[in-house]
Amino acid sequence: MSFVPFLQATGTAGSASASASLLTFLPVIFIFVIFYFFLIRPQNKKQKETEKMINALKKGDKVITIGGIHGTVSSVKEKTIIVKVDDGCKIEFNRTAISSVELSDAEKAKIAEEEEAKKASKKSKKSTETEAPAVEAKEESVEEDK
């Protein structure tokens, strides 16, 4: 008796062993699909977003490096950027050393306004959904009273 049934070679039950071997690989395929959707795909999305952010760096952006240094981009080169940390103090970093770009006050205000608009639209949708059943319930109670 073999522990690996798909390696057994039988001449009479060839099609049965082929379907059995496919069934033995099914859990492995299922695990690979789970890994793809929960680990590989999100990591690829995050990497693309980071590359997009790094390529969009421009002079005047406030950045944070992977080492935790805060500064303002003073110039951008092909593979490096120069970050102004303090008056008269500039440091040159590889582009890949930038972990994030801080938002300006105008961008923060714009995002806050968009979030408030979304919340307001959600509240109006909820209120119209809750009002409709309440009106129907009142009509039913009036009909029952008659």
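Which element supplies the largest share of the lining of the largest pocket? The largest share, 6 residues, comes from helix 2. Helices (H or I, at least four residues) and strands (E, at least two) are DSSP runs, numbered from the N terminus.

The model is predicted: local features need pLDDT of at least 70, side-chain atom pairs count only at pLDDT 80 or more, and totals for chains, interfaces and linings use all residues. Residues are numbered from 1 along each chain as its sequence is written, and side-chain values use heavy atoms, with hydrogens and water left out. The predictor's confidence in each residue is given as pLDDT, from 0 to 100. The chain has a mean pLDDT of 80, and 75% of its residues reach 70 or more. Among the elements of the chain, strand 4 (residues 89–94) has the highest mean, 94. Helix 2 (residues 105–145) has the lowest, 71.

The largest pocket holds about 380 Å³ of space. Its lining has 17 residues, and Val 101, Glu 102, Leu 103, Ser 104 and Glu 107 are the closest to its centre. A pocket is an open set of points on a 1 Å grid over the protein atoms alone, where a 1.4 Å probe fits, with protein on both sides within 12 Å along at least five of seven lines; lining residues have an atom within 4 Å of a point. The volume is the space filled by probe spheres set on the points, which are joined across faces, edges and corners. Strand 5 (98–102) and helix 2 each supply at least two lining residues.

Lys 62 lies in strand 1 (residues 62–65). Lys 62 is partly exposed because its relative accessibility is 47% (buried is under 20% relative accessible area, exposed over 50%, partly exposed in between; 1.4 Å probe, protein chains only). Lys 62 touches Gly 71, Thr 72, Ser 100, Val 101 and Glu 102, not counting residues up to four places away in sequence. Contact means heavy atoms within 4.5 Å.

Ser 74 sits in strand 2 (residues 70–76). With a relative accessible area of 17%, Ser 74 is buried. The C-alpha atoms of Lys 62 and Ser 74 are separated by 9.7 Å, and the two residues are 12 apart along the chain.

The largest nonpolar core has 8 residues: Leu 57, Val 63, Val 73, Ile 81, Val 83, Phe 93, Ala 97 and Ile 98. Such a core is a set of buried Ala, Val, Leu, Ile, Met, Phe, Trp, Tyr and Cys residues joined through side-chain atoms within 4.5 Å.
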